[in-house]
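Visitor: Please place the structure before us, and then let us examine it by question and answer.

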Amino acid sequence: TTKDAKTSAPIELVKWWGEVMTTPLVAIGGITVENAAPVIKAGADFIAVSAGVWRHPEGPRAAVAAFNALFDA
């Protein structure tokens with residue numbers, strides 16, 4: 001992990017950002033392959049991931065492939 005998150009943005013905020021803003025939305029904080037789909041579906045343009053890649057049980061290459069598949073879906 002890189003830091004302890006003090007807060008978390010609700011998924012509704014991600015959806016709102018996508019509807020109102022033209023600036024790309026980068027989601028960051030505690031994102032893993034298992035919990036990324038709702039964030040992506042809500043409109044995140046990018047995700048910033050650290051432990052979700054480096055601590056993936058099948059290794060970083062598998063994690064990146066899985067994240068890419070989520071964006072492609």
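Visitor: On what basis are the features reported?
Guide: This is a predicted model, in which local features need pLDDT of at least 70 and side-chain atom pairs count only at pLDDT 80 or more, while totals for chains, interfaces and linings use all residues. Residues are numbered from 1 along each chain as its sequence is written, and side-chain values use heavy atoms, with hydrogens and water left out.

Visitor: What is the geometry of the pair formed by the rings of Trp 16 and Trp 17?
Guide: Rings of Phe, Tyr and Trp (its six-membered ring) pair if their centres lie within 6.5 Å; planes under 30 degrees apart count as stacked, over 60 as edge-to-face and the rest as tilted. By this rule there is 1 aromatic pair. The ring centres of Trp 16 and Trp 17 are 6.4 Å apart and their planes stand at 70°, so the pair is edge-to-face.

Visitor: Is Trp 16 buried, partly exposed or exposed?
Guide: Trp 16 is placed in helix α1, residues 11-20, where helices (H or I, at least four residues) and strands (E, at least two) are DSSP runs numbered from the N terminus. Buried means under 20% relative accessible area, exposed over 50%, and partly exposed in between (1.4 Å probe, protein chains only). Because its relative accessible area is 39%, Trp 16 is partly exposed.

Visitor: Which residues make the nonpolar surface patch of about 350 Å²?
Guide: Patches are made of residues with over 30% relative accessible area and no salt bridge, like charges being joined within 9 Å and nonpolar side chains (Val, Leu, Ile, Met, Phe, Trp, Tyr) within 5 Å. A salt bridge is a side-chain nitrogen of Lys or Arg within 4 Å of a carboxyl oxygen of Asp or Glu, and accessible areas come from the Shrake-Rupley method with a 1.4 Å probe, only the protein chains shown counting as cover for residues. The patch is made by Leu 13, Trp 16, Val 20 and Met 21.

Visitor: Which residues does Ala 36 contact beyond its neighbours within four places in sequence?
Guide: Ala 36 is in helix α2 and is buried, with a relative accessible area of 0%. Contact means heavy atoms within 4.5 Å. Leaving aside neighbours within four places in sequence, Ala 36 is in contact with Ile 31, Phe 67 and Leu 70.

Visitor: How far apart in space are Leu 25 and Val 14, C-alpha to C-alpha?
Guide: Leu 25 lies in the loop between α1 and β1 (26-28) and counts as buried at 11% relative accessibility. Not counting residues up to four places away in sequence, Leu 25 touches Val 14, Trp 17, Ala 44, Asp 45 and Phe 46. Leu 25 and Val 14 are 11 residues apart in sequence, and their C-alpha separation is 7.7 Å.

Visitor: Is His 56 buried or exposed?
Guide: His 56 lies in the loop between α3 (51-54) and α4. Its contacts, not counting residues up to four places away in sequence, are Val 33, Ala 51, Ala 62 and Ala 63. With a relative accessible area of 14%, His 56 is buried.
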